Amino acid sequence: MEQITTRRWARLGAVVGTGALLVGVLAGCSAAAPGADSGSTDTDAALEEDVTLTWWTWSDSTQEQADAISEKYPNVTFDVVKLENPDAVVTKLQNAIKAGKGAPDIVPVEYQTMPQLTLGGALADLTPYGLDEYEDAFTASTWNSVNVQDQLVGLPGDSGPMVMIYNTALYEKAGITEAPTTWDEFATASAAIHAADPEAYIANSGDAGFFTSMIWASGGQPFTTDGENVTIDLQDEGTKKFSDFWSERLNNGELSGLATWSDEWTKALTQDKLGTLLMGSWMISGGMEDYGPAGRFKVAPMPTWDGQPASAENGGSGLSVTSQSEHKAAAAGILKYLAEGEGRELLNANGFPSTIADLENPEWLDYPFPGYSDQPANQVGAASAASVISGWQYLPYQGYANNVFSDSVGKALGSGGDLNEALLAWQDTLVEYGNEQGFSVNE
Amino acid sequence: MTVAHVHAQPPAGVSTETYATVAATGTRAAGATGGRRRRARRDWAGWWFVGPFMLVFGLVFVAPLLYAMYLSLFRETLIGGNSFVGLENYAKALVDPKFWEAMLRVSIFLLVQVPIMLGLGLFAALALDSARLRWVPFYRLSIFLPYAVPGVVAVMIWGYMYGSQFGLVADINRFFGVELPSPLAENLILLSIGNIVTWEFVGYNMLIFFSALKAVPQELYEAAEIDGAGAFRTIFSIKLPSIRGAIIIATIFSVIGSFQLFNEPSILQTIAPNSITTYFTPNLYAFNLSFAGSQFNYAAAIAIVSGVITMVVAYLVQLAGEKNEATS
């Protein structure tokens, strides 16, 4: 009876147009029938049944991967939705979680936003589905990234141990034939490059993701989270070491102000005006051949402070199952397939691996990259993966932190201010925001 | 239980007024297929005409506004959930230095850019209307053309030209051997945005003025000519007073546009992230608060406060315009 009444009211609404109120009521009615998750954790059984999984992505290769998986599991079909970039995925996912519906089953999540999405209740714990068994297969730093607050919220996908990709021609023009191995040598090279060509710079001043990774590689640990207690210290030893160093480069006018990935930045790279990329190893096979003739660029380990190898992760992402998914077991089953063997190969085809076996695979390690004059560049990345400093944590609201980075540190990078002061201003904003959001920050 | 006896389509022979009737409480719906209602208490025919409009108006204007007001009374945090906070968000907005910095910035923009843009638009319209130009349709179209370029594309074109290492500015520097300051630097970015907005909207305003000028009765010009009025006399005594209404409307549009500045800074942010803060304009601030900071409630309050300020300023402009009209 109640249903019939509702339908009549609907027609009344359609006929006389009494406006938004009724429509709101109707929307409320129609949303109230979710096909709830069965709750089963048997992933194999779930993949035997016909199921359609929605898979958001920012990568061009996901559709191919999905097609390949469908061949292996004919009952599983994928609805791949490509979004613009990782930020767009985070925003859309958070909106869906807030709205109570609309989230996909499988979603890629950058390591730096895992804590934020976990806290927002967006990601499902994968331990009950048996994904914790794969711990030993992955590097410590990536496995650490997908474990947030005692939950396993993702399967590591690619990884981004930092390397230095440099323009050999530009360095040679400045009289430097060997890649700098320490930051002191980097400083010397920086001055020489800018002196040899006033339009050329050793690097650009960088964004939030670059800055946090550089702090990490310098041994800093500005963010610590323990439950709801957050500590922020953007003047700890490692942070200060890097920011002092970068301030000096900045104030010497040796850093380009171009935004990473902008058109002008691309031009600067192709026209030999930008000497170095300090980035995750995903950039090794990230299309450097588009920026210059073969052999123009080479891959070197990150410079270090004391000559001892030290590195950090920059970028990289894992695959997660959302808390809203109605097919968690099936989605987790797909992640299991992607964790090892031929499934893993699908993932590795487009990115720098996070699995120990692949990082130690001689065939992969010795692969000569034609773009780098046959340099076996993966070796540099693998060595970097082994020297990533442990213990790093991102903030449980890193997305917001990166967004407001431009208001303080970015501003200083743009107009040549004091970076340490700017870092403190950034810290103030982050402390205030954290406390407002219910954390205990620096208390 | 209230049951409505209404059907989607009026059956043949049944008038709309009888048809669209809400029946009295307790009447049963079953089996009533096209029978006449005995008690037609109100004439609902008017709703057939205003209904579609009211529905859309309610959905896209009233509902979001009410929802924003509702949202602005709460505070949802990452930890601790949702709680009613009354007018706290508004109290915070009123003393938020970031919000007022943004407001100040768009106010400066309004005071400088709008007069320039409207002045150029007016000049172009008067020139086109002067009957001394050949190829009027060509000029009219050329000046209007930038408005037809999508805002995003326009900003990207200008962003490229502004580039001081590889853009047009760089080329000028190299060609003339000068060192122009970078238009994308923090101290010049507002000016650069003003330039883009002017380029985009001069043609639009020109068209408003031009069409108003076309509506001025020819007799007035003839009379002025007989009285010996020159071109400038005609402009100040006939043309400008005649299109006062159009000028006021264009000013109000521009006031609203200035306060709502969003597209240009938002897109330029990708190439000049260090020059444009997340609170560069009130709209950009509200956007970043909600989408980057998940502070939907506070963003709603910011949006409402800046909406009210915009309304007040627009109303003052209108009032000033009407007052002048009354005294002249």
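**Helices, sheets and backbone angles**

Colleague: How far does helix 11 (residues 237-251) of chain A reach from its first C-alpha to its last?

Modeller: Helix 11 of chain A has 15 residues; helices (H or I, at least four residues) and strands (E, at least two) are DSSP runs numbered from the N terminus. The expected span is 1.5 Å times one less than the number of residues, which gives 21 Å for helix 11 of chain A. The reach of helix 11 of chain A is close to that expectation, at 21 Å.

Colleague: What pLDDT do local features need?

Modeller: Residues are numbered from 1 along each chain as its sequence is written, while chains are lettered from A and ligands numbered from 1 in the order in which they are written. This is a predicted model in which totals for chains, interfaces and linings use all residues, side-chain atom pairs count only at pLDDT 80 or more, and local features need a pLDDT of at least 70.

Colleague: Within what arc do the buried residues of helix 11 of chain A fall?

Modeller: A residue is buried if 20 or more other C-beta atoms lie within 10 Å of its own, exposed if 12 or fewer, and partly exposed in between, with C-beta atoms placed from the backbone. The buried residues of helix 11 of chain A are A:Thr239, A:Phe242, A:Ser243, A:Trp246, A:Arg249 and A:Leu250. They line one face of helix 11 of chain A, because their arc, taken from the directions from the helix axis to the C-beta atoms, is within 120°.

Colleague: Which exposed residues does the face of helix 11 of chain A turned away from its buried side carry?

Modeller: The buried residues pack against helix 9 (183-196), helix 10 (208-217), strand 11 (255-256), helix 18 (398-415) and helix 19 (419-436) of chain A, where contact requires C-beta atoms, placed from the backbone, within 7 Å. The face of helix 11 of chain A turned away from this buried side carries A:Glu237 and A:Asp244.

Colleague: Around the axis of helix 5 of chain A, what arc do the buried residues cover?

Modeller: The buried residues of helix 5 (residues 86-99) of chain A are A:Val89, A:Val90, A:Leu93 and A:Gln94. They sit on the same side of helix 5 of chain A, because the arc that they cover is only 125°.

Colleague: Which residue with a positive phi follows helix 5 of chain A?

Modeller: Among the elements that cover the buried residues of helix 5 of chain A are strand 1 (51-57), strand 3 (106-110), helix 6 (114-119) and helix 18 of chain A. After helix 5 of chain A, a positive phi near 90° belongs to A:Gly100.

Colleague: What is phi of A:Ser373, a residue other than glycine?

Modeller: Most residues other than glycine have a negative phi. A:Ser373 lies in the loop between helix 16 (362-365) and helix 17 of chain A and is partly exposed, with 13 other C-beta atoms within 10 Å. Its phi is positive, near 50°.

Colleague: Is A:Asp150 buried or exposed?

Modeller: A:Asp150 is in the loop between strand 4 (147-148) and strand 5 (151-152) of chain A, and its phi is positive, about 60°, although it is not a glycine. Because A:Asp150 has 8 C-beta neighbours inside 10 Å, it counts as exposed.

Colleague: Which residue takes a positive phi in the hairpin of strand 1 and strand 2 of chain B?

Modeller: Strand 1 (residues 74-77) and strand 2 (residues 81-84) of chain B pair in the antiparallel sense over 4 bridges, and B:Asn82 is the bridge partner of B:Glu76. The hairpin has 3 residues between the strands. The residue with a positive phi, near 110°, is B:Gly80.

Colleague: How far apart are the end C-alpha atoms over residues 296-317 of chain B?

Modeller: Chain B has 14 helices and 2 strands, and 32% of its 328 residues count as buried. An unreviewed UniProt entry lists residues 296-317 of chain B among those for "transmembrane region"; annotations may be inferred rather than shown by experiment, and positions follow the numbering used here, with feature names shortened. Residues 296-317 of chain B are 100% helix and 0% strand, and their end C-alpha atoms are apart by 31 Å.

Note on methods
Two residues are in contact if their C-beta atoms, placed from the backbone, lie within 7 Å. Two strands pair if DSSP finds at least two bridges between them.
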